[in-house]
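Student: I'd like to learn how to read this model. Could you walk me through it?

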Amino acid sequence: MTILPIAHAGHWAIYVLYAVPVFIVLGSIARTMIRERRGSERDEESGGGAD
Amino acid sequence: MIDVTLPIAHALVGKSDLPIPEWLFAWGASLVLIVSFVALTLAWQSTRFEEERWRPVSEWISRALVNRVVGFGAGLLSAFLLGLTIYAALKGTEAPDRNFSLTFVFVTFWLGMVVASVLLGDVFRALNPWRAIARAFAGVFRLVAGQSPPAPLVYPERLGRWPAVIGIGAFAWMELVWGQSGFQAVGLVPHDVGIAVIVYSAVTFIGMALFGIEEWTSRGEAFSVYFNMFSRLAPLEVREGRLGVRRWLSGTVGWAAVPGSVALVLLTIGATAFDGAQEGLLKDAISSTFDTVSDSGLAPVTALRLTNSVYFALTIAAVAAIFWGGVAGMHTVRAGIRTGELGRLFAHAFIPIALAYLVAHYFTLVLYQEQAQFTYLLSDPLGEGSNIFGTAGSGIDYGLIGATAVWYVQVAALVVGHVAALVLGHDRALAVYRDPATASRSQYWMLAMMVGFTSLGLFLLSQANQ
């Protein structure tokens, strides 16, 4: 009998549930880093235009 | 080799009446960490642990607790217990649960001394049997030769705490790989422990003879270094013979500057994580690898130990990868400090995590096995029918604490340990980066590590408890 991988979802779904908080924090860090990089790029561009 | 199931296999029991699923505890714990992080960012704007805050207690209290008589008594007691452990291991019963030595080495000494160190400070310095014996020998040498025994070698600075790392790694390997049951009983008999203690004692005395008693004790003697690491969390410290008090956690500052310190704290976390993982998360993987290794023609016990050794190393490597990944993330906040240096600057913050993992994982083991230690194992240390204190007939009360209460203790230990780590990390970041905004940004990575280690710890416990 072939067992679909989804039949084991109960096992690996638990792993994912424990990892959710880590993903949220890492996602927030990534978002903050991207926003800061864009902000500094904008600052550089506006600074360059003024020169 | 006698096949036995190690009696100290962890007495964790299932939890039947938790109000919410276990994974939700991980979410709750993570939320506590995030709230703590925000609170630290808003309210903790200058360093509080970096400056020296040790102050002596009143002289009579110090003299009553720290004096030659107490030191001599502690040394004598520790030397007696070392002798008893070796004697019981070599001459007593081979049944691990009836022999004083196994519970004494792996529970009372290995775990109990951690608790004593965290609460009372570096008590192992007074209770170190090898130091006590070596000092007694040095005293006799002085009487005979009129001078202290010379140390022929200078301890190399770059060696730092590395000998202790090797010693603790070997001890953890002996407990968790050589003697641990994993998915199949292998067993650790008292005789093996007796031989290991003799070998370790010989290595220690050679180290002391070569580099000096105090030098080897503070850098190379594995257990002194290990218990001293935990004693840095304590509010008590003896300096130049005077007892003093300091803030909880503050003794950790500066601890990791010595080479090998980062490895020691990561090894401690990794070894405990492996112990939890081999009972749950890694159980199937170990089983499958064991089958493959066995099929290659190795004896089952050798195949199991080889397999467990690989997963032991992999778990420690995984813990190190999380740590260095987080540190590399911190490095992106501001260049200028090398990643290795950043690791050393923040490694002390992981001592509370090492403690939290130990408490969460071994709480029940200590609770149950200490009942045996101070009743029938004390009355009948060889397990051959003696009844010295009249307690040989006692047993272990496994109903002392409920399974649900145990789970709450484990969760609380992990949360408190990781919040303490956040506090230490934040305080150090303020000292390193000067400006609070940059310090907070660097600690996003510390928060990610803390949330990761908390979730991992709870996940391992939940899997091991199934």
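Predicted model: local features only at pLDDT ≥ 70, side-chain atom pairs only at ≥ 80, totals over all residues.

Student: Where is Glu240(B) found?

Tutor: Look at the loop between strand E2 (236–239) and strand E3 (242–245) of chain B. Most residues other than glycine have a negative phi. Glu240(B), not a glycine, has a positive phi of about 50°.

Student: Is Glu240(B) buried or exposed?

Tutor: A residue is buried if 20 or more other C-beta atoms lie within 10 Å of its own, exposed if 12 or fewer, and partly exposed in between, with C-beta atoms placed from the backbone. Glu240(B) has 6 C-beta neighbours inside 10 Å, so it counts as exposed.

Student: And Leu249(B), buried or exposed?

Tutor: Leu249(B) counts as buried because it has 22 C-beta neighbours inside 10 Å. Leu249(B) sits in the loop between E3 and H11 of chain B, and its phi is also positive, near 75°.

Student: How do I read two packed helices?

Tutor: Two packed helices are described by the angle between their axes and the distance between the axes. Axes are lines fitted to C-alpha atoms, for helices over the stretch in contact, and angles run from 0 to 180 degrees between N-to-C directions. Take helix H11 (residues 261–277) and helix H13 (residues 300–331) of chain B: they pack at about 125°, with axes 8 Å apart.

Student: What do we call that angle between H11(B) and H13(B)?

Tutor: Angles under 35 degrees count as roughly parallel, over 145 as roughly antiparallel, 65 to 115 as roughly perpendicular and the rest as oblique. H11(B) and H13(B) are therefore oblique to each other.

Student: Which residues of H11(B) and H13(B) meet?

Tutor: Two residues are in contact if their C-beta atoms, placed from the backbone, lie within 7 Å. In H11(B) they include Leu266(B), Gly270(B) and Phe274(B), and in H13(B) they include Tyr311(B), Thr315(B) and Phe323(B). The residues of this contact divide into 13 nonpolar, two polar and no charged. Here Ala, Val, Leu, Ile, Met, Phe, Trp, Tyr, Cys and Pro count as nonpolar, Asp, Glu, Lys and Arg as charged, and the others, Gly among them, as polar.

Student: What about Val225(B), buried or exposed?

Tutor: Val225(B) is buried, because 25 other C-beta atoms lie within 10 Å. Its place is in helix H10 (residues 222–231) of chain B. Leaving out residues up to four places away in sequence, Val225(B) touches Arg161(B), Ala164(B), Arg219(B) and Leu264(B). The C-alpha atoms of Val225(B) and Val165(B) are 8.7 Å apart, though 60 residues separate them along the chain.

Student: Which residues of H7(B) are buried?

Tutor: In helix H7 (residues 162–178) of chain B, they include Ala164(B), Val165(B) and Gly167(B). Among what covers the buried residues of H7(B) are H10, H11 and H13 of chain B.

Student: How many helices and strands are in chain A?

Tutor: Chain A has one helix and zero strands, and 8% of its 51 residues count as buried. Eleven residues of chain A are in contact with 13 residues of chain B. On the chain A side, the residues divide into ten nonpolar, one polar and no charged.

Notes. Residues numbered from 1 in each chain as written. Chains lettered and ligands numbered in written order. Helix = DSSP H or I, 4+ residues; strand = E, 2+ residues; numbered from the N terminus.
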